[in-house]
Amino acid sequence: DSQQADTERLSRWKKWRRTSSKSLKKALGEVKGLSSYLVLWQHDIHSIEGKFGTGIQSYFSFLRFLVLLNFIIFIIMFSFVTLPMIVSEYGLFNSTIAYISPRNIEDNCTIYEPSGNKGLVYYYTYLKDLFSGTGFLEMTSLFYGYYTIDAVWISIMRYNLPLAYLLATFAYLALSFLWIIKRSVEGFTQNLVHDADPFQSYCNKVFAGWDFCITDPNAARLKHRSLQYELQMDLQEEKLKQKIAQRTMKEKLRIYSLRIFINIIVVAILLGCFYSIYRVTVFSQEKSTVSIRNDTRTDSVNLLVQYLPSMVITLANFIGPLIFSFLITFEDYTPTFEIRLTLMRCVFVRLANIGVLMFSLWSQISDCGTDKCKPCGYNYKLYPCWESDVGQEMYKLMIFDFIVILAVPLFMDFPRKLLVTHCSCKLIQWFGQQEFQISDNVLEIIYGQTICWIGTFFSPLLPAIATVKYFIIFYIKKFILIHVCKPAARPIRASGSNFFFLAVLLIGLILAFVPLGFSIARIPSSKACGPFRNFNTSWEVIPDTILEFPTAVQQILFGMASEAFAVPFFMI
């Protein structure tokens, strides 16, 4: 009544301003409400949160983040690398291609004859090429070898493709790094608030946890379940902390001795995986160069040999986490720390496996025994276009990883669900339904993302495949979660999970920096293919471009590239 009386005394101008302000706020609120429907999988993720808790919801949110990240990386690579090639090939916008003949290079280094399909080709040959990235796929825009031009002239403007290729690579790595850091900070602040005072955490959930905007009964039930899972997690952790505090010295000695022994077993498993991958990669690279492809058997055997590293890596990724999940149960940690330690061990299996694969490939590419690479600086007989070969390995890893993600639920989890439901055998009932293991699923997608980050330089359209892959995986995992798996016996808190998932993803990104940096700065670029064939290494395009600038600008840029400036800058 008081506000109404005040309004009546206002001038027409002030009344109009107040009415307009209210209308604008209402309109903005409605637009914001409608925009939530445009967010990818918003309803699905909200539903999962209520049914299975915020921990599992955080996994699906993380999956959505990777879909968006890969889509933006694809846009960057397509816009600055692939599109100029397509425009120049078809002569659009009065464009032409500029080639510069390689300087001071022996003719042997410039020979590159991709194993294209000639004559009568059977359908299974195309299928083999689709899975291996060879044949008709080898000289498409999917791989590095396709981009063998030095510049594109669009009307009167010169587009420096080698420089664009390298800067686009730096751009997608920088974008990934900054986006992960931004999201990690949000999770880190939530972690600090949660860890500051357990009593405050309970107060927040009990007195401030409810969303009073909820009016739908189904939405209310979802929110109830979500809060229930959070409280359940808190109580379980408090109970374990009390148990740890009451341990005697004898119990502490027993548990620490057991943990040391288990960690020795873990290290032995990791070393065994690394050695197996190294041996298999060397064997695969040597044997797959045999070019006898006259009959179907040779084609099949050749495909199997090419996929051997992917198979061994996938086998290690599958068996390793199972062993670690079994061993962790004897170490008596809190549920949250148990998840984190299992994740860290799986990180060393999955991500280090990729590192060992890259090291094995480098050892073959740089194998200069008996002067095999003297003229070109790399093993040009075995790898005339080594960047495309590395791209094919990353492509095969991604395809095989996707096949395994499809096959495991279809041939293992779903039959297990049917047996548990329809068979009363005590052994089968003891095994029970498969739980939705967050640590395994997170590592699965972080492993795939690390492959994408490394492979994008050698296969610029790999992010498009990764986007489609993760989009399909979302629906596969959702179906498995609802219809095949049961909720985890130990729910996981979302605030800690989100931060830790991103921290592990950051480890994957840093791991990707190492092989990419080494390939760009140290290994001589192929002289028979790619945009960097006229440069000793891919990095040389940067100083070569700087030399075209005025002297004052050159001095500033070279000063920024010096150790005196660069080291303190990156430290800060």
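This briefing describes the salt bridges, the disulfide, a lysine and a nonpolar surface patch of one structure.

The model is predicted, so local features are given only at pLDDT of at least 70 and side-chain atom pairs only at pLDDT 80 or more, while totals for chains, interfaces and linings use all residues. Residues are numbered from 1 along each chain as its sequence is written, and side-chain values use heavy atoms, with hydrogens and water left out. Helices (DSSP runs of H or I, at least four residues) are numbered from the N terminus. Buried stands for under 20% relative accessible area, exposed for over 50%, and partly exposed for what lies in between, with a 1.4 Å probe and protein chains only.

**Salt bridges**

- The structure contains five salt bridges, each defined as a side-chain nitrogen of Lys or Arg within 4 Å of a carboxyl oxygen of Asp or Glu.
- One of them joins K478 to D44, with the closest N and O atoms 2.8 Å apart; because K478 lies in helix α15 (residues 462-484) and D44 in helix α3 (residues 42-52), the pair ties together parts that are 434 residues apart in sequence.
- Within this pair, K478 is partly exposed at 21% relative accessibility, whereas D44 is buried at 16%.
- K396 is buried at 3% relative accessibility, and E393 is buried at 4%.

**The disulfide**

- A search of the whole structure finds one disulfide, the term being used for a pair of cysteine sulfur atoms within 2.5 Å.
- The disulfide is formed by C385 and C529, with their sulfur atoms 1.9 Å apart, and the torsion about the S-S bond is about 85°, so the disulfide is right-handed.
- The pair links distant parts of the chain, 144 residues apart, with C385 in the loop between α11 (335-365) and α12, and C529 in the loop between α16 (494-521) and α17 (541-546).
- Both C385 and C529 are buried.

- K469 is placed in helix α15 and is buried, with a relative accessible area of 4%.
- Apart from its neighbours within four places in sequence, K469 is in contact with M398, D401, F402, I405 and G448, where contact means heavy atoms within 4.5 Å.

**The nonpolar surface patch**

- L315, F318, I319, L322, I323, L410, F411 and M412 make a nonpolar surface patch of about 770 Å².
- Such a patch is built from residues with over 30% relative accessible area and no salt bridge, nonpolar side chains (Val, Leu, Ile, Met, Phe, Trp, Tyr) being joined within 5 Å and like charges within 9 Å, and accessible areas come from the Shrake-Rupley method with a 1.4 Å probe, only the protein chains shown counting as cover for residues.
- Helices α10 (296-328) and α12 each supply at least two residues of the patch, and the largest share, five residues, comes from α10.
- F318 is found in helix α10 and is partly exposed at 34% relative accessibility.
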